[in-house]
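Reader: I would like to learn how to read helix packing and a metal site from a model. Please take one feature at a time.

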Amino acid sequence: MPIPDEILDEERQILSIEAQLAELREHARKESLAILDEFVEAKTAKVPGRPVFNAMMERIERGEAAGILAWHPDRLARNSVDGGRIIYLLDTGKLATLKFPTFWFESTPQGKFMLNIAFGQSKYYVDNLSENVRRGIRQKLRRGEFPGKPPIGYLNEPRLRTIVVDPESAPLVRRMFETYSAGRFTLKEVRKQLASWGLVNRAGKALALGSIKRLLMHPFYVGQFYLKGELYEGSHEPLISRDLFERVQEVMARRGKVHTKRRESFPFLGLLQCGECGSAITAERQKGHHYYRCTKKLGPCTQRYIREEALAAQVRQAVQQVALSDGWAEKMLGKIAEWKTEAAQTSAGFAQESQARLSAIQAKLDRLLDAHLDGAITREEYLGRKEKWLREKSALTDRMAEIRRNGNHWLEPLENFINAAHQAQIVAAGHDLESLKDFLKRIGSNLRLSGQTLRVAYENPWAILARHRLPAAPCATQTGETTTAPSLARCPRLDPIGENEKWWAR
Ligand SMILES: [Zn+2]
């Protein structure tokens with residue numbers, strides 16, 4: 001009778017847990033750790049309130065055990081509450097150490113920092129994913145592909161994913177440029193003509209004046225495009241000549257008063273909410289300065305405005321808060337490189353060993369079948385033993401897959417994160433307000449302004465950097481040291497910002 005899938009899945013999970021337990025017992029034996037109790041938690045670590053985890057933590061708080069041995073930090077905590085509880089016990093000394101077969105940990109500022117990152121890294125996977133999307137867009141740009149919907153006159157070619165000339169609207173766009181370049185018509189008059197030719201928007205209505213103006217200034221028609229203020233050479237076919245385009249720009253400049261006032265750029269517009277009433281924060285220009293203030297659309301509010309310079313300084317500080325100095329970045333990247341090498345060696349060694357054991361099991365299975373066919377053992381005996389060997393075989397296969405996954409799956413996001421945190425220093429030191437804003441959006445959410453003060457809820461793992469002040473430079477390791485872990489015995493403690501602040505309870 002076939003076994004239903006859900007039973008197989010359950011079985012697989014149990015086998016995987018069994019395999020981890022076996023590995024952990026082996027690890028404990030090698031490290032001479034006395035195991036007081038084993039805890040298996042089937043519930044996912046994403047939400048706090050797991051009964052087995054809580055029971056374990058209570059016993060540690062009572063002083064029954066001094067350490068935890070776990071498969072990987074992500075098995076212990078994937079939410080900030082559980083993670084914070086563990087770090088807190090380490091800080092207060094109730095927990096002397098943590099051990100993982102798949103993760104280096106040492107109860108030092110660096111060690112806790114890395115542990116925090118491991119606890120918070122599931123969120124980082126998501127960030128990393130969007131970083132990959134951005135990387136894809138950059139690749140497209142390099143190839144000259146416009147990453148989006150092209151202006152009227154062109155079409156997206158869905159199969160080849162390229163942009164092609166639209167045979168219907170392209171001649172009309174050309175005619176629009178030629179008509180306007182003569183300099184005899186206002187935009188309003190051009191608009192009427194366009195409507196009569198049938199060059200209309202997607203809703204079938206006449207194009208707005210602003211749209212026509214944008215089209216007439218759009219470099220896409222001469223084979224280029226702007227993205228985030230940068231000009232790119234497109235791979236699409238130009239619709240008009242550079243000469244015609246320039247003539248149109250001259251006419252546009254001459255008829256300066258016709259087109260609407262150029263929009264001011266307010267880098268922090270649309271970024272913030274009022275901390276008092278929750279309304280959006282808007283921006284305006286007064287006497288040559290940029291100001292940001294509450295729109296007060298959600299009711300009465302006592303908040304005052306803030307000058308852009310003052311706001312920029314605070315954004316800069318918020319970014320600076322998560323910046324890693326050159327020394328730290330270098331140290332951490334070096335450590336990550338070491339781990340990568342170790343992980344590669346471990347998994348290679350393990351794979352070899354496992355392969356040998358798999359072959360041994362297969363040989364046993366073959367002999368078992370022979371024995372059964374020769375009539376040396378009964379069918380019941382055969383089936384019973386076969387099951388045992390098959391279980392062991394699949395446990396081993398699972399373990400191999402697990403080692404491959406866990407070996408360094410957290411190292412790449414960690415490396416990217418360290419690089420980004422290092423970049424924060426450059427952004428914070430620069431004068432580009434757009435970059436500052438982009439970085440702030442990347443590291444924080446729920447951006448609020450109240451009492452002329454910016455408040456940021458940092459996202460993990462940025463929150464870890466923001467929460468702790470790392471010493472200005474990593475401490476020197478002792479000379480002649482053999483351990484791979486940096487020795488920080490003489491380093492100052494990694495102090496949470498704000499005394500006695502139970503950040504993990506927030
Ligand atoms: Zn307000």
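Reader: In which hand does H6 pass H7?

Author: A crossing is left-handed if the near helix is turned anticlockwise from the far one by less than a right angle, and right-handed if clockwise. Here H6 passes H7 in a right-handed crossing. The model is a predicted one: local features need pLDDT of at least 70, side-chain atom pairs count only at pLDDT 80 or more, and totals for chains, interfaces and linings use all residues. Residues are numbered from 1 along each chain as its sequence is written, and side-chain values use heavy atoms, with hydrogens and water left out.

Reader: At what angle do H6 and H7 pack?

Author: H6 (residues 170–181) and H7 (residues 187–197) pack at about 150 degrees, with axes 11 Å apart. Axes are lines fitted to C-alpha atoms, for helices over the stretch in contact, and angles run from 0 to 180 degrees between N-to-C directions. Angles under 35 degrees count as roughly parallel, over 145 as roughly antiparallel, 65 to 115 as roughly perpendicular and the rest as oblique. H6 and H7 are therefore roughly antiparallel.

Reader: Which residues make the contact?

Author: Contact means heavy atoms within 4.5 Å. H6 contributes Leu-172, Arg-175, Met-176, Thr-179 and Tyr-180, and H7 contributes Leu-187, Val-190, Gln-193, Leu-194 and Trp-197. Seven of the residues in this contact are nonpolar, two polar and one charged. For that count, Ala, Val, Leu, Ile, Met, Phe, Trp, Tyr, Cys and Pro are nonpolar, Asp, Glu, Lys and Arg charged, and the others, Gly among them, polar.

Reader: How do the axes of H6 and H9 cross?

Author: They come within 9 Å and cross at roughly 50 degrees, H9 being residues 242–254. That makes H6 oblique to H9. The crossing of H6 and H9 is left-handed. Among the residues that meet are Phe-177 and Tyr-180 in H6, and Leu-244 and Val-248 in H9.

Reader: Now the metal. Which residues coordinate the zinc ion?

Author: Donors are N, O and S atoms within 2.8 Å of the metal (3.2 Å for Na, K and Ca); water is not among the atoms, so sites may look incomplete. The zinc ion is coordinated by the SG atoms of Cys-274, Cys-277, Cys-294 and Cys-301, at 2.2 to 2.3 Å. In sequence these donor residues follow the spacing C-x2-C-x16-C-x6-C.

Reader: Why is the arrangement tetrahedral?

Author: Four donors count as tetrahedral if all angles lie between 85 and 135 degrees. The four donor atoms around the zinc ion subtend angles of 96 to 118 degrees, which makes the arrangement tetrahedral.

Key: Helix = DSSP H or I, 4+ residues; strand = E, 2+ residues; numbered from the N terminus. Tetrahedral: all angles 85-135°; square planar, octahedral: opposite > 155°, others 65-115°.
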